[in-house]
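Please look over the chain shown here before reading the notes. They are grouped by topic.

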Amino acid sequence: MKQRFCNLFLLFTITILFSGELIAQAKFSEGYEAAHSGNYKKAVKIWIPLAEKGDASAQYTVGWMYESGQGVKKDLKKAIHWYLKSAQQEYKAAQYVLATLYEKGTGIEQDSSKALSYYLLAAEQGDATSQYQVGNYYQYGIGTKKNNKQSIVWYQKAAEQGHVNAQIDLGYLYQSGETLEIDYKKALDWYQSAAHQDNPVAQYQLAYMHENGLGTQQDYAKAIQLYKQSANNNYSQAAYKLGQIYEAGNVDGVDYKKAITWYRLAALKGNTDAQFQLGQLSEMGRGTPKSIQRAIDWYTQASRRDHAEAYYRLAKIYENGTTQYTRNIHPNLQKAFKNYQYASSLNYPLAHAKLAYFYENGIFTKVDKEAAILLYQKSSQKWAKKRLFKLVTHARCLKTATTLLFSEKLSCANRTLLREKIKLQQIKVISEDDKSLTDTYFTAAITKGSSELTIRYTEDNEFSQATYTFVGRNNPSLIITVKNKLIETYGQPSYSQGNELQGEASFQWRLKDNIILRVFRLWPDTTTFVEYSQAEFFQ
């Protein structure tokens, strides 16, 4: 009942203000008394005949009753009907309401041009809110061509009537130089006017002006005072700013505890930057006991409101785990992958490369080199550019490479790929040492006649050479047997040296993808070797 009284009191107050004169008709007053007592149906019955007789204020009031559903069944079409009747009689309250309905498309087809026309009608009658809206429409080109000059005219009219948002917007335009020549003094004056109305945004902007000496002498104490007024007036950005000031030590040195107090005030009002900063301070143990769990809680709160860096920090924590806390976090690559995904989707630069690495290596996702390339292309990090070059080069290589080793294209192979394929073949490892440039395997069980395979890599772990060893045991014809087997696959060698029956001998092929294939024999030992080499590493 109390809420209904407030609504009706507000309605009556608006009616008086917009009409510009006290409504003398006894019937209207009788309707108001009925509504005041909660008898809305009686009020509507009294007001409708007045509206039908052409009373503009009654038409507006009946429209409002139909729009709100008080005393009658809610009916937007009837509400608009009565608002139109009232607006045609230049009743500015009705003109303003029609503008908002056209603006939002409520009960009527959305039409920004018509919204502007009704705002203009009310604005020309001196309605400050409509004047401000007209300024916005011209400023942003809504329902009309953008017209900076006209937007300033209407902002000025609204601001001079004390419209606080118009005052703030004018202050910003004078401060930023957008559409107006920079004039810090005028910006300061308009912010001051709005701040006098206890507006927290204006107090914040005014604090910024004093902090940086714009339009006035620099006064840090005044700035802090205004930031506190704004923060205590529920403006979270001001509380966050105070947290930054105390964290940076701009007031009597660093004070993490005060910083946390202000960050917390901002964070509890949903300020994601403050939530993120609290996460960092908890992670580092500044002004509060070190706690990775509390840090995760704050980062999570920030991430739920799409704070990209918060997602990234969560991903880093889950990727590497922690060791320096009382309660540590074990690595969780699945969570790391998901958080890198979210951070990258919000275009956080560092996340692109990390997500690309996960796609490149199939970490908790399918290997997707194309996705990795696209993500690496978005990154400016040196290591990412290096990975991009390798991936692009590898993709080009795959189009031309033909020589296979364990079904892997040798020209494009690296240590990781070959080790995976060798493991699938269940080949016995003789030596796999990451500190060495060579890996050695026992191959007698898979390649007839051979004893071992030695694979050499570059310092970047790219394939350079693979050598099979076939033990001769005084068998000079072994090289002929091996050579003939290779001829079946690759045709006649392009180069030969020595006598295949006696002494050192070698035969060489240059394959289609520029791999150099060579079979050669030592002497007097008749051990024979088959060697695949990248052309640039062939000796």
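Is helix α12 largely enclosed by the rest of the structure or left open, and how many of its residues are buried? Of its 13 residues, 10 are buried, so α12 is largely enclosed by the rest of the structure. This is a predicted model, in which local features need pLDDT of at least 70 and side-chain atom pairs count only at pLDDT 80 or more, while totals for chains, interfaces and linings use all residues. Residues are numbered from 1 along each chain as its sequence is written, and side-chain values use heavy atoms, with hydrogens and water left out.

**Helix α12**

- Helix α12 covers residues 200-212; helices (H or I, at least four residues) and strands (E, at least two) are DSSP runs, numbered from the N terminus.
- The distance from its first C-alpha to its last is 18 Å, close to the 18 Å expected at 1.5 Å a residue; the expected span is 1.5 Å times one less than the number of residues.
- Among the buried residues of α12 are Pro200, Tyr204, Leu206, Met209 and His210; buried means under 20% relative accessible area, exposed over 50%, and partly exposed in between (1.4 Å probe, protein chains only).
- The buried residues of α12 pack against α10 (164-176), α11 (184-195), α13 (220-232) and α14 (236-248), where contact means heavy atoms within 4.5 Å.
- A side-chain oxygen of asparagine 199 comes within 3.0 Å of the backbone nitrogen of valine 201 at the start of α12.

**Helix α13**

- The end C-alpha atoms of α13 are 18 Å apart, which agrees with the 18 Å that its 13 residues should span at 1.5 Å a residue.
- Buried in α13 are Ala223, Ile224, Leu226, Tyr227, Ser230 and Ala231.
- These residues cover an arc of only 165 degrees around the axis, which puts them on the same side of α13; the arc is that of the directions from the helix axis to the C-beta atoms.
- Exposed Ala221 and Asn232 sit on the face of α13 turned away from its buried side.
- The cover over the buried residues of α13 includes α12, α14 and α15.
- At the N-terminal end, aspartate 219 caps α13, with a side-chain oxygen 3.3 Å from the backbone nitrogen of alanine 221.
- Asparagine 234 follows α13 and has a positive phi, near 75 degrees.

**Nonpolar cores**

- The largest nonpolar core has 46 residues, and those with the most contacts inside it are Leu170, Tyr227, Leu242, Tyr246 and Tyr263; such a core is a set of buried Ala, Val, Leu, Ile, Met, Phe, Trp, Tyr and Cys residues joined through side-chain atoms within 4.5 Å.
- Elements giving two or more residues to this core include α12, α13 and α16 (272-284).
- A second, separate core of 43 residues includes Ala58, Val62, Trp82 and Val134.

**Disulfide**

- Cysteine 397 and cysteine 412 are joined by a disulfide, with S to S at 2.0 Å; the criterion is a pair of cysteine sulfur atoms within 2.5 Å.
- Cysteine 397 lies in helix α22 (residues 382-400) and cysteine 412 in the loop between β2 (408-409) and α23 (415-424), so the pair ties together parts 15 residues apart in sequence.
- The link of cysteine 397 and cysteine 412 is left-handed, with -90 degrees about the S-S bond.
- Cysteine 397 is buried at 14% relative accessible area, and cysteine 412 is buried at 4%.

Notes
A polar contact is a pair of N or O atoms within 3.5 Å; within protein, one must be able to donate a hydrogen and the other to accept it, and residues adjacent in sequence count only if both atoms are side-chain atoms.
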